[in-house]
Amino acid sequence: MPIRAGRDVGDRRRLGWVIAALALVTGVLGILVMLAPVIADDPVVSWPRAGQQPSSTVLPLSPYRPLQLTATVPCATLRALDARPGGGEALRTVPADVGTAPGEGLVVTADQGVVTVTASGAEVLRQALPGGPCSYQVLADAGGVRVTRDGAGIGTRTDLLVPQVAELQTDAVGASGLSVQLHTDARYQSHPTLLKTALLVAHGLALAALLVLAWRWWRGAGPGLVRPRPSWADAVVVAVSLFWVLAGPVNIDDSWYLLMARNAMQSGYLGNVIYQFNVTENPFVASQYVMQAWGALGGDWSLGWMRLLPLAYGLATYALLRVLVATALGRVAQRSLAAWAVAAAHLLWWLPYGMTLRPEPLIALGTAGVLVLSELARRRRSVGVFAVAVAVAALTVTASPTGLVAAAPLVVCLPWLWQWWRAESARSRVTAVLLVGAAASIVIPVAFADATLGDVLESVAVHRWYYRQYAWYDEYLHYADLLVPDERGAWGKRLPVLLTLGVLLAVALGAGRRPGTAGRSGRLLGEAAAITALGLAVLALTPTKWVNHFEAVAAPATVLLAAALIRSPLPRRVSAATMAIGSAGLVAAVSVAFAGPNLWRPLSDWGQPFGNHLLIDRPYDQSLLAPSLGPLALRNPLLWLAVAAVGWWWLRRLGPTRAVLVTATGLGVVLMLLVFTVAPLRQYPGTSVTLMNLRALTGRTCGLAPAVQALTTAKPGLGPAVGTAALTGDMRAAPLPESTPVPLRAPPNSTVWHDDVPSGTGTGSLQTPWYPLPGHLVDASVTVPMRGKLNQEQWLAVQVTTGDPTTGDPATPGQVRTVPLPAVGDKPDWTELTVALADAGLAAPTAVRVVAQDRVAGPNSWLAIAQPRLTAPRPVTDIIAGRPVFADQVSAALWPCEQQIAVRDGLVQPPALRLRAADGMEGSILYNSTFADNGGTLLQVDRTAKFVELPSQLTPPGAPTLGWGHVDEVIYLHPVDLVDLHVETLRRAGWTRLPTLIGQRYTGRVYTG
């Protein structure tokens, strides 16, 4: 056994026993950390507020069901409601008009002398309302729902869950004695006890001491790592990386992960703040912890500041890979070719995937560290270094399940480990096993410092129930998504993955055909291919199949591509058939990659070249988005066959496979830099991600907000109506049916016209009166509230005149211009459509009116129009003005200065405004936070509010886009925050699991696998 010279056998044995004992202690401490008790928050909500009478209020819970609910309803309150015509509701916790959800709440009613209590979809009590003074109490907890009267039990259902709560609504406003107290479900809000803190410190010290001793005792013998010679390629990588902080594409999940870290500053734990009830993300929280610390350190949640993290990860990954290649290649690595090969391969992977706030860049860094440590352990035959590599691999797994890829490089150590194992004694083998197991326990401080074993088990169960899980044999979905002709399958994302697969094919074809003197470059190519292939195989074990996951294999894939750039993946002396197959594989890979669209939604597609980015729904239009060099389409395989032919006939030293690889890699890097330089220039003076990040360098860190203007009511507005409306068919000026309420922001005493008439045809036309315009109009618009089942046979427009509306109909030739309103499809809720007065092209307009026609008969087609109003642009920052907002999971990174709502204490802070992304992706992102089947955290907000969009625009405008985004005003059914909140604490054992959040009964979701 290799040890330091001079150490005697006795000392060696004693140190071995110390390492074995320390490994056991480390493992035991890790287990105790998971089971140690915590101090958990126990928020208690009381309604009404102290000293106030009960009044209906919005109370959105997440999770939807409190852990415990107690409602007290005096009999006097019930008798007062019973005396009303039709009776009344003393208490309701979920609105009555939200589909199947009302049965999931609690309802206490009195009617016709009968009191009824329903909870969680079942009737608990129905009995005659007694006379005299008395009081009912409803108690719900893990044991079911019970009803008592004056302390005596009169109804029990042990099979029911605690009712959902979205509101506390009552028809008995001001009733004395009516009250509710509930303990919200904030099970993940906790902090370690003194005991757990001591165990965490002891485990950390024991693990650190163990790894240091193991490194020193089993340090092995042999050469160490080689420091690479500085190169201009390194300077290029640094420069490009810094530029990419400003200009790189926004990943659709950037804001999602940022919101998790940002909300943790208030809730005290890292939860999925968008859905799955904000359950903890433990044990996969490493990257969010770093992000949380970085945001707190800078006091800045802007995209530019947060991107410094993936910048650091990327540069560190590149530095480690440079060390690995220099160590593996020896003198060959001193040539400039080696540095440029690593730089090109790194940028090919990092440019499309690496500048993201997702966990994969940290996984790539961890994997690069394991690669370097595994190579050092192999060179030295060092078990101690191998143990450190295991620890780094295990730590990487705490970032995401895709972190399992970090274990792939450990396979290079298996041959020499087997030799070591056969040569060592049983005692050394046992010690080594204990050492490796203890090294892997490094996951415990990350995974369980802020969570208990019970928390993590429940979190994993919730993730499995509320999010579709895929089996290993569904791995084809990773690649199917990559080939989808939208932003998931953008050419820049396809190219590194498909090139890697092409090189793997070539290496497999050449396996066994290299002479024994293939040298260091051949060994590096073979090992990198094996590790990359294993890493891709490990991805099959992950429960989700997103394209973003491919970045997890970027480190070994970069080494593979770099090695293939240095030395052809196919040996020179192979058969013509083998060479043709390998070359054809790479040609196919490159052609399919460049067939992907140059589409970088969300937010980064503004101003992008190649094709019409307003037409992306049809296959033909999608094909026009693929990159080209003038008339030469880069997806054309003939182009790449020509490149291979040049390598075959004229550049024999390069070879056909290497010629295709070098050309595609270089072109891919240059083209990525080119399109993300051109896009912001084409978008200018309109805002862009690049411009926002540049402005942040000068201290203007508020992202998108300064560039957005919303249309609000202008003062003075439109004058009183002149004349009367002209109506035909079923169109009439009359109150809408109860199912079609008046617009929430309609002017006072405004008129509403509609053709939703019982037993009618549902057709008709409208020509409203003229509404005079005030003078001195600057950037004014006309906004028309509308609602209905719109289709191609329904038409809306605003007419603008220069005549005098007070003299009757001013319509004469040349005096009236008609400006059609945009077609917006089916709008079951009120929507505001806007046209700019300038669009009419009249120098001095004097009045406006609305004209509409509905030519579709039937109950499923109707139209409602409210009185128009005059609007003018106003900075959205004035409208927000410190109000709580929900910036969605796609755009939140561009709203860093706004007061983002908090999800904490089992409650959702009700937002006053909702800020949404667009880019034509509204359908895929709108309902993530409100979808009951996924445990959307804002579901109860959605059930108790209406969202009215404020027409908005970017100022100054840039290149045409599919929409910058949306600003929605949130109008609640009741006032918010009419409760008292007191957060108590309790001690909870680490193995305790509270009532589960999974199961069909909780939200109605059926397990889908």
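**Notebook: helices, patches and salt bridges**

I began with helix α3, residues 194-217. At 1.5 Å a residue, its 24 residues should span 34 Å, and its end C-alpha atoms are 34 Å apart, which agrees. The expected span is 1.5 Å times one less than the number of residues. I took helices (H or I, at least four residues) and strands (E, at least two) as DSSP runs, numbered from the N terminus.

Before going on, I noted the ground rules. This is a predicted model, in which local features need pLDDT of at least 70, side-chain atom pairs count only at pLDDT 80 or more, and totals for chains, interfaces and linings use all residues. Residues are numbered from 1 along each chain as its sequence is written, and side-chain values use heavy atoms, with hydrogens and water left out.

**Entry: cover on the helices**

Which residues of α3 are buried? I listed Lys196, Leu199, Leu200, His203, Ala206, Leu207, Leu210, Leu211, Ala214 and Trp217. Buried means under 20% relative accessible area, exposed over 50%, and partly exposed in between (1.4 Å probe, protein chains only). An α-helix has 3.6 residues a turn, so residues three or four places apart point the same way.

I then turned to helix α17, residues 491-510. At 1.5 Å a residue, its 20 residues should span 28 Å, and the end C-alpha atoms are 28 Å apart, which agrees. Helix α17 is mostly covered, with 17 of its 20 residues buried.

**Entry: surface patches**

I looked up a patch of positive charge on the surface. Arg335, Arg572, Arg573 and Arg653 gather there. Patches are made of residues with over 30% relative accessible area and no salt bridge; like charges are joined within 9 Å, and nonpolar side chains (Val, Leu, Ile, Met, Phe, Trp, Tyr) within 5 Å. Lys and Arg count as positive and Asp and Glu as negative, while His and the chain ends are not counted. The place of a charge is NZ of Lys, CZ of Arg, CG of Asp or CD of Glu.

Arg573 sits in the loop between α19 (554-566) and α20 (576-594). I found Arg573 exposed, because its relative accessibility is 79%.

A nonpolar patch came next. Leu404, Trp472, Tyr473 and Leu541 form it on the surface, with about 490 Å² of accessible area together. Accessible areas come from the Shrake-Rupley method with a 1.4 Å probe; for residues, only the protein chains shown count as cover. I placed Trp472 in the loop between α15 (453-466) and α16 (476-482). Trp472 counts as exposed, at 59% relative accessibility.

**Entry: a covered loop residue**

Is Val285 buried or exposed? Val285 is buried, with a relative accessible area of 0%. I located Val285 in the loop between α5 (254-267) and α6 (286-298). From Val285 to Val332 I noted 47 residues in sequence and 40 Å in space, C-alpha to C-alpha.

**Entry: backbone notes**

I noted a cis peptide bond from Trp47 to Pro48, with omega near 0°. Pro48 lies in the loop between β1 (38-47) and β2 (57-58). The bond from Lys715 to Pro716 is cis too, with omega near -5°. Pro716 belongs to the loop between β16 (708-713) and β17 (726-729).

Leu603 is not a glycine, yet has a positive phi of about 75°. I found Leu603 in the loop between α20 and α21 (619-623). Leu603 counts as buried, at 3% relative accessibility.

**Entry: salt bridges**

How many salt bridges does a search of the whole structure find? The search finds 24. A salt bridge is a side-chain nitrogen of Lys or Arg within 4 Å of a carboxyl oxygen of Asp or Glu. Side chains of opposite charge can pair when their charged atoms come close.

Lys545 forms a salt bridge with Glu475, the closest N and O atoms being 3.0 Å apart. Lys545 lies in the loop between α18 (519-539) and α19, and Glu475 in the loop between α15 and α16, so the pair ties together parts that are 70 residues apart in sequence. Lys545 counts as buried at 4% relative accessibility, and Glu475 counts as buried at 10%.

I also looked up Arg869 and Glu832, whose side chains meet in a salt bridge (2.8 Å, N to O). Arg869 lies in strand β28 (residues 869-875) and Glu832 in strand β25 (residues 827-836), so this pair ties together parts that are 37 residues apart in sequence. Arg869 is buried, and so is Glu832.

Last, I noted a network of salt bridges that links Glu375, Arg378, Arg523 and Glu527.
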